[in-house]
Amino acid sequence: MRIGILQGAFLPVPPIAGGAVEKMWFLLGQEFAARGHRVFHISSTHKDLPPTDTIAGVSHLRIRGASAPKSVVLLKLLDFLYTFRARRVLPETDVLVTNTFFAPIVLAKHSGIYVDVARMPKGQIRLYRRAARLRANSSPLRAAILKEEPLAESRTSLIPNPLPFSTPEPVDWSLKEKRILYAGRVHPEKGISLLLDAFLTAKARGHMAGWKLEIVGPAEISYGGGGAGWFAELLKNHPHPDVSWLGPIFDSQRLNEHYRKATLFVYPSLAERGETFGLAPLEAMAWGAVPIVSDLACFKDFVRAGINGFTFHHRAQNATNVLADVFSRATQTDLKELRANATNVRSTHSLTHIAEAFLTDFERVVDGLPAISAPTPS
């Protein structure tokens, strides 16, 4: 097959500036190419990347994009202009994967449009009626798509996100430290303030001697963070020697080193309408870090409370104390069984396994057959 991947206007590929979606499709494209398919990857230009090159058999073409603005209206306008520029250079493909807002509209006449709905829809699904496929990465996202467009059931696939790396070596449990890790955007909707309040509350109770909290991720607006003003206020209100701010880490190998050493991984997202999957907890689980996640529906596809992780009710009136209780319990529990179960995502969400599901669905698109729904792991 000739497979096209049209990425958004705001981050480059390879994902040298971050981006979970960009990271995923960069690796999936290489997996498709390794299986003999012709793959074209279109993405935003970057000063450190050439306009065209070939990486692991994938042909990369980069066109002028933009830095992500704070204004949603301006963001959509820049996406629209970027998509028009992409239309002029798109090669002929059998399937065109895209996560840009306007591509399914601007490129409606292009056959095989495969929309990667990476975030909760906000009314746009009805505009994508000519798309061959709508792909959801979790059960709640699929339900949200069908709520907006009930007639799209035969065009809506459920295929989980893969781990964005290969993990051939076993977990070295001797490397684990009394370390709780957060990795993701440093933004209010990610529950960062709640995380800090809960950690400091648990510390004050005297239950977490020796435990440290590490926070990895960007606070800059251009990378999806909460911005300099909000971040400065956050630091001012939560000083503590056991909290380390490491900034963004975009290199996968460096990030994996933090996953290797973390005993617990916390992801207290509050984004009821934004979170669709949660790739960071999945990555951490692959390295044996037991996840603590908020009670968002998207995490239920792969985090099982008491089996391979912990959950907490982020909507509770006393959410700070609820999360602090989980910290106290998790740090005083024998985690051997939970962390062993957590590493099962290495097989259920492996890159090769998920790539095979995508290729099967691509073939069904070409043949005009209904979508597949890959079962979520139990």
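**Entry 1: the cores.** Which residues touch the most other members of the largest nonpolar core? I looked them up: of its 59 residues, they are Ile180, Leu213, Tyr259, Phe265, Ile292 and Phe327. A nonpolar core here is a set of buried Ala, Val, Leu, Ile, Met, Phe, Trp, Tyr and Cys residues joined through side-chain atoms within 4.5 Å. Buried means under 20% relative accessible area, with exposed over 50% and partly exposed in between (1.4 Å probe, protein chains only). Helix 5 (residues 192-204) gives this core its largest share, seven residues. I also found another core lying apart from it, with 27 residues, including Phe40 and Val115.

**Entry 2: a note on the model.** I am reading a predicted model, where local features need pLDDT of at least 70 and side-chain atom pairs count only at pLDDT 80 or more, while totals for chains, interfaces and linings use all residues. Residues are numbered from 1 along each chain as its sequence is written, and side-chain values use heavy atoms, leaving out hydrogens and water.

Entry 3: Next I traced an open sheet of eight strands, in the order 3-4-2-1-5-6-7-8, with mixed pairing. Two strands pair if DSSP finds at least two bridges between them; strands (E, at least two residues) and helices (H or I, at least four) are DSSP runs numbered from the N terminus. Strand 3 (52-55) and strand 8 (156-158) are at the edges with a single partner strand each, so one side of each has no neighbour in the sheet. Strand 7 (residues 133-136) runs parallel to strand 8, joined by three bridges.

**Entry 4: two helices.** I then checked how helix 1 (residues 20-34) packs with helix 12 (residues 351-366): the angle is about 75° and the axes are 10 Å apart. Axes are lines fitted to C-alpha atoms, for helices over the stretch in contact, and angles run from 0 to 180 degrees between N-to-C directions. Helix 1 is therefore roughly perpendicular to helix 12, a label for 65 to 115 degrees. Among the residues making the contact are Trp25 and Phe32 of helix 1 and Phe358 and Phe362 of helix 12.

Note on methods:
Parallel < 35°, antiparallel > 145°, perpendicular 65-115°, else oblique. Contact = heavy atoms within 4.5 Å.
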